[in-house]
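Visitor: I'm new here and would like a quick tour. Could you show me the structure, and then I'll ask about a few places in it?

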Amino acid sequence: MNLLRKLGIAALLVAPFSPSLATCPPMAASKSSLLALKSADWVLADDRNRQALALALLDCLGDADPVLRDDLAFGALSYWLRARQIAPATMQSIRLALLPRIDPAAHHTAGFGPPFAALVLAEIARADRLQPFLSGKERDQLVRAGAAYLASVRDYRGFDARDGWHHGVAHGADLMLQLALNPALARDEVDSILAAVASQVIAADAHFYIYGEGERLMAPVFYIGRRALLSEDEWNAWFVALTSRRQKPAAPTQASLAANHDLAAFLLPLYASLRESGDAQMQARMLPAVAAALKTLD
């Protein structure tokens with residue numbers, strides 16, 4: 001305990017957290033004590049307080065301070081979830097708290113809250129894949145909500161030196177990736193993921209992706225390709241529909257240039273990943289369609 005006091009985090013071990021009264025930083029904590037907890041590798045021996053702090057930190061996911069939002073709130077949640085230090089009941093509470101935050105019908109899908117809610121839900125999906133705790137209905141709800149969120153994103157801000165990351169498309173794609181990796185998903189759920197990805201490969205409003213969004217969108221498609229769920233003909237149809245979304249006017253426009261750029265940022269890493277995969281069957285199913293799609297680029 002003396003070491004913990006020196007780190008300034010004794011209060012985190014002694015004072016119980018009340019998620020219903022959560023603020024950011026959570027009550028009984030401070031930014032400095034959370035930084036100290038991070039420097040101590042997120043060691044919080046009292047399990048009850050760890051569960052409560054995990055819930056209390058959810059309020060920080062929308063905070064304007066990138067240190068509180070990203071380094072501390074998301075950092076703690078990701079670490080504890082990956083270390084399997086968050087109880088299934090707490091993960092269920094996190095899921096139920098965050099699903100409304102990514103709901104496009106709630107009219108608050110801009111800002112920091114929804115992208116970081118999606119990113120934590122990706123960690124929940126990962127935890128469920130490795131040690132299932134969701135029912136089939138709950139998992140399906142997460143697929144549908146995540147797909148709807150990704151398709152709805154129109155706040156295309158990536159990184160800002162003052163504000164840090166927004167990255168709604170990338171975080172939505174990360175959620176799709178963690179779900180796509182789950183062998184428990186049915187074909188209709190996989191189709192929902194593919195449709196959501198396809199809707200964002202070419203951004204709206206002539207936006208040029210410059211923060212790696214194409215690679216993040218590519219990842220769930222690549223891993224879906226590892227499963228023999230779609231035939232070569234089905235992949236061909238999917239890529240034809242994808243490239244058909246790009247208009248090719250007689251003279252270049254900002255929109256046509258952005259579409260070409262965004263499509264290339266998705267197709268090129270997918271092509272490289274397929275070539276490097278060493279999976280002959282996946283290559284046979286997907287490479288012809290990806291190569292044909294690449295030939296449509298200017």
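Visitor: Which helix holds Y271?
Guide: Before we start: this is a predicted model, where local features need pLDDT of at least 70, side-chain atom pairs count only at pLDDT 80 or more, and totals for chains, interfaces and linings use all residues. Residues are numbered from 1 along each chain as its sequence is written, and side-chain values use heavy atoms, with hydrogens and water left out. Helices are DSSP runs of H or I with at least four residues, strands are runs of E with at least two, and both are numbered from the N terminus. The run covering residues 254-277 takes in Y271, and that run is helix 13.

Visitor: Is Y271 buried, partly exposed or exposed?
Guide: Buried means under 20% relative accessible area, exposed means over 50%, and partly exposed is in between (1.4 Å probe, protein chains only). Y271 has a relative accessible area of 27%, so Y271 is partly exposed.

Visitor: Which residues is Y271 in contact with, leaving aside its neighbours within four places in sequence?
Guide: Contact here means heavy atoms within 4.5 Å. With those neighbours set aside, the partners of Y271 are L287, V290, A291 and L294.

Visitor: Let's stay in helix 13. Is S277 buried or exposed?
Guide: S277 also has its place in helix 13. Its relative accessible area is 19%, so S277 is buried.

Visitor: How far is the backbone nitrogen of D279 from a polar atom of the side chain of S277?
Guide: Leaving aside neighbours within four places in sequence, S277 is in contact with F222, R226, M282 and Q283. As for D279, its backbone nitrogen and that polar atom of the S277 side chain are apart by 3.2 Å.

Visitor: And Q178, which side chain does its side chain make a polar contact with?
Guide: Q178 sits in helix 9, residues 168-180, and counts as buried at 12% relative accessibility. A polar contact is a pair of N or O atoms within 3.5 Å; within protein, one must be able to donate a hydrogen and the other to accept it, and residues adjacent in sequence count only if both atoms are side-chain atoms. At 2.9 Å, the partner is the side chain of R129.

Visitor: How many residues of helix 9 are buried?
Guide: Helix 9 has 13 residues and reaches 18 Å from its first C-alpha to its last, close to the 18 Å expected at 1.5 Å a residue. That expected span is 1.5 Å times one less than the number of residues. Helix 9 is mostly covered, and the buried count is 13 of its 13 residues.

Visitor: What covers the buried residues of helix 8?
Guide: Helix 8 runs over residues 136-152 and reaches 24 Å from its first C-alpha to its last. Its buried residues include R139, L142 and V143. The cover includes helix 7, helix 9, helix 10 and helix 11.

Visitor: Is L98 buried or exposed?
Guide: L98 lies in helix 6, residues 88-98. Leaving aside neighbours within four places in sequence, L98 is in contact with L58, L61, A117, V120 and L121. At 0% relative accessibility, L98 counts as buried.

Visitor: Last stop: which strand is F159 found in?
Guide: At 40% relative accessibility, F159 counts as partly exposed. The run covering residues 159-160 includes F159, and that run is strand 1.
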